[in-house]
Amino acid sequence: MYDVLVIGAGPAGLTAAIYARRYGHTVAVLERLIYGGQVANTPDVENYPAIARITGADFATNLYTQAVDLGAQVLFEEVLSATLEGEVKSATTSSGTHRGRTLIIANGAQRRKLGCPGEERFAGRGVSYCATCDGAFYRDQEVAIVGGGNTALEDALFLANLCSKVHLIHRRNQFRGNPILSQALLQKENIQVHYDTAVDRILGETAVQGLELWDLKTQERTTLPVRGVFVAIGLAPENQMFQGALSLDEAGYLVADESCQTSIPGVFVAGDTRRKALRQIVTATSDGAMAAFGASNFLNQLQFQGYARETME
Ligand code: NAP
């Protein structure tokens, strides 16, 4: 049995592990894929205080190494179900059940799908959700990226250094992402922005050969010949396993206040999976620290109650 069980090895989960270890508690972090979460697939991080610039992969590795060096156990297992009520919390994976006195849910959020014809069919054959991972396959080719948030803007800039031409397709005429990024992007000669445009379908035989675009203002439909399309239209949480036990908002994010405490004693929520106004690495690491602080206080209270019970007997 661990003092603190953490679901997710992204910035929130690993920071929770670092803080919990420094509070002196035993910690296990359960991660289904790779450590670092979304940041592992981010080309460069340039807005984390005191670090002017670092690659996403280095940021993720530094966090992981720090947590492991402090004694956190990171287990690469996918959590299939969790028990939150009662004195002992548990998370069941395909390899078994792990138990903890407290649980911190930091399972992040996953890339949202476009849902248009061709997307599923060509996934991995021209349709990608990670420019950093797959961009090199399209060196000197023409590609498209869909979205208008920070991910789409950063990925478009990253791809522009590899590909012959990048088409950025955005459904509105204003970007949601950071103005510094949009200014940099508008200066790139090989990036063409298609405003007020939606992807109607992804075309091809065995792999992507083009996109059918829909101009939302003129209703005109055109074909764009590209070999790759990168979907960067935001995130969606995967919290179905907590439905009924914890409160979820209409978009599926877990509801907890800034202290990251849920309605169940000893259960905390940290990072992108929590309902919040700003999803950034810095807010994820902040949540991780808060959740570990809450878990530590909870554990200390349990210990005090146990001690008080013993001295009364
Ligand atoms: P996001 O900020 O939610 O942006 C999603 C974009 O996709 C929006 O422009 C949205 O259009 C568009 N979109 C949503 N659904 C769509 C659909 N069905 N079809 C076409 N377009 C669609 O998502 P994100 O860029 O992945 O970023 C997620 C979070 O991580 C954000 O909080 C972001 O700031 C943060 N992030 C930060 C950094 C950084 O600071 N370096 C880097 C990456 C991500 P509308 O604008 O019309 O809604």
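This is a predicted model: local features need pLDDT of at least 70, side-chain atom pairs count only at pLDDT 80 or more; totals for chains, interfaces and linings use all residues.
Let's begin with helix 1 and helix 2. Helix 1 covers residues 11–22, and helix 2 covers residues 56–69. Their axes come within 9 Å of each other and cross at roughly 30°. That angle falls under the cut-off, so helix 1 and helix 2 are roughly parallel to each other. Their crossing is left-handed.

Who meets whom? From helix 1 we have Pro11, Leu14, Thr15, Ala17 and Ile18. From helix 2 come Leu63, Tyr64, Gln66 and Ala67. Sorted by class, that contact has seven nonpolar residues, two polar ones and no charged ones.

An α-helix has 3.6 residues a turn, so residues three or four places apart point the same way.

Stay with helix 1 a moment. How far apart are its end C-alpha atoms? They are 16 Å apart. That agrees with expectation, because 12 residues at 1.5 Å a residue should span 16 Å.

Is helix 1 mostly covered or mostly open? Mostly covered: nine of its 12 residues are buried. The buried ones are Pro11, Ala12, Gly13, Leu14, Thr15, Ala16, Ala17, Ile18 and Ala20. After helix 1 comes Gly24, with a positive phi near 95°.

Helix 4 runs over residues 150–160, and helix 5 over residues 179–186. Here the axes come within 10 Å and cross at roughly 35°. The crossing of helix 4 and helix 5 is left-handed.

On the helix 4 side, the contact uses Asn150, Leu153, Glu154, Ala156 and Leu157. On the helix 5 side, it uses Leu181, Ser182, Ala184 and Leu185. By class, the contact of helix 4 with helix 5 holds six nonpolar residues, two polar and one charged.

On to single residues. Start with Gln73, which sits in strand 5, residues 73–75. Its relative accessible area is 38%, so Gln73 is partly exposed. What does Gln73 touch, leaving out residues up to four places away in sequence? The answer is Tyr2, Val27, Ala28 and Val29. Compare Glu87: it is 14 residues from Gln73 in sequence, and the two C-alpha atoms are 22 Å apart in space.

Next, Ala52. Ala52 counts as exposed, because its relative accessibility is 67%. Setting aside residues up to four places away in sequence, Ala52 touches Val45 and Glu46. From Ala52 to Phe175 there are 123 residues along the chain, and their C-alpha atoms are separated by 24 Å.

Last, two backbone angles. Asp196 is not a glycine, yet its phi is positive, about 50°. Find Asp196 in the loop between strand 13, 191–194, and strand 14, 197–204. Is Asp196 buried or exposed? With a relative accessible area of 15%, Asp196 is buried.

Then Cys260. Its phi is also positive, near 70°, and Cys260 is a residue other than glycine. Cys260 lies in the loop between strand 18, 235–236, and strand 19, 267–269. Its relative accessibility is 0%, so Cys260 counts as buried.

To wrap up, back to where we began: helix 1 and helix 2, roughly parallel, with a left-handed crossing. Thank you.

Terms used. Residues are numbered from 1 along each chain as its sequence is written. Side-chain values use heavy atoms; hydrogens and water are left out. Axes are lines fitted to C-alpha atoms, for helices over the stretch in contact, and angles run from 0 to 180 degrees between N-to-C directions. Helices (H or I, at least four residues) and strands (E, at least two) are DSSP runs, numbered from the N terminus. Angles under 35 degrees count as roughly parallel, over 145 as roughly antiparallel, 65 to 115 as roughly perpendicular and the rest as oblique. A crossing is left-handed if the near helix is turned anticlockwise from the far one by less than a right angle, and right-handed if clockwise. Contact means heavy atoms within 4.5 Å. Ala, Val, Leu, Ile, Met, Phe, Trp, Tyr, Cys and Pro count as nonpolar, Asp, Glu, Lys and Arg as charged, and the others, Gly among them, as polar. The expected span of a helix is 1.5 Å times one less than its number of residues. Buried means under 20% relative accessible area, exposed over 50%, partly exposed in between (1.4 Å probe, protein chains only).
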